[in-house]
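Please look over this model with a focus on its ligand site and its strand pairing. A short report follows.

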Amino acid sequence: MSDPGDLSDLENDPLPEDQIGLLAGLCTTRAIRRYTDERVPAAALRAMLFAATRAPSGSNRQPFRFVVLTDGPKAREAKQLMASSAQAVWSDKRARDGYDSGSGADSNSPKTRMARSMEHFVAHFADAPVLILPSLVRYRPPHPGEGASIYPACQNLLLAARALGYGGVFTGMHHMVEDELKRLLRIPDEVFIAGTITVGRPAGGHGPVRRRPLSELVFAEEWDAPAVWAVDPPGTAFTSAGPPRKTGL
Ligand SMILES: Cc1cc2nc3c(=O)[nH]c(=O)nc-3n(C[C@H](O)[C@H](O)[C@H](O)COP(=O)(O)O)c2cc1C
């Protein structure tokens, strides 16, 4: 955990004040992959995890659990394991998704910026101030809908980080070391590690959230039929980044 002084009176402390309104915060929360080396205080971690655990889940079963790794010996070992997995996953993705071809050759394209951010992220993964493993305790065999009982909690956590001036990113980069992580952290077999979330104080600036225009993503009444009210607000930034879409989708 961070500075033990943080822990003195948490049970009598309310959550810290938001630094941004709810709607503005959730429209501007980005994947943050570069952090300063500032520790995340216990009061902030507590607020993020409290927000995460307020998320909905099927029948309110609350199958989500969060292993929070900061700077203890196991945390350091887990971060190193994750760093090696992240390096391998990114190298593979870089080649597979053509990050060095097409607009990847333009040094200022969103694709190139993403590749730079990923390079830095995986090279410094072990230094992330906080690594969280959001996990799902299964009560039935793997089911296509089960993620809906853990991923809202992950997004709540990231939004709470944003509310407090921190940032983070959800990743699926743990797969190659999942078994080792489970052994190291004594995570039971029936528990599904749903991803990883790194959190810290953002280093440097980061641009706006970019998505496809609302009109491409929202239909009214039937598939592909325009919704006249689906108009992006002024100042919206756009991208169609990502691997090529299948025709017609
Ligand atoms: C299901 C899911 C998986 C993701 N996996 C990774 C990942 O493995 N590595 C990573 O760096 N970012 C990962 N991300 C973050 C996305 O790349 C990021 O949210 C997306 O590119 C949009 O960027 P923005 O949030 O900065 O607008 C993932 C996000 C989601 C929701």
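## Ligand site

The side chain of Arg30 has an N or O atom 2.8 Å from an oxygen atom of the ligand. The side chain of Arg33 also places an N or O atom 2.8 Å from a ligand oxygen. At Ala31, a polar backbone atom lies 3.0 Å from an oxygen atom of the ligand. A polar contact is a pair of N or O atoms within 3.5 Å; within protein, one must be able to donate a hydrogen and the other to accept it, and residues adjacent in sequence count only if both atoms are side-chain atoms. On its own the ligand has 620 Å² of accessible area, and the protein covers 60% of that. Such areas come from the Shrake-Rupley method with a 1.4 Å probe; for residues, only the protein chains shown count as cover.

The residues around the ligand (a heavy atom within 4 Å) include Met114, Met118, Phe121 and Arg211. Val169, Phe170, Thr171, Gly172 and Met173 are also among them.

## Basis of the model

This is a predicted model: local features need pLDDT of at least 70, side-chain atom pairs count only at pLDDT 80 or more, and totals for chains, interfaces and linings use all residues. Residues are numbered from 1 along each chain as its sequence is written, and side-chain values use heavy atoms, with hydrogens and water left out.

## Strand 5

Helices (H or I, at least four residues) and strands (E, at least two) are DSSP runs, numbered from the N terminus. Strand 5 covers residues 196-200, and five of the five are buried, so the strand is largely enclosed by the rest of the structure. Buried means under 20% relative accessible area, exposed over 50%, partly exposed in between (1.4 Å probe, protein chains only). Thr196, Thr198 and Gly200 point one way, Ile197 and Val199 the other. In a regular strand the side chains alternate between the two faces of the sheet.

Strand 5 pairs (at least two DSSP bridges) with strand 2 (residues 130-137) in the antiparallel sense over three bridges. Here Thr198 is the partner of Leu131. Strand 3 (residues 167-171) also runs antiparallel to strand 5, joined by five bridges. Gly200 is the partner of Gly167.

## Thr196

Thr196 lies in strand 5. Its relative accessibility is 0%, so Thr196 counts as buried. Its side chain makes a polar contact with the side chain of Thr171 at 2.6 Å. Thr196 also touches (heavy atoms within 4.5 Å) residues including Met82, Leu131, Val169, Phe170 and His174.

Conventions:
Lists of a residue's contacts leave out its neighbours within four places in sequence.
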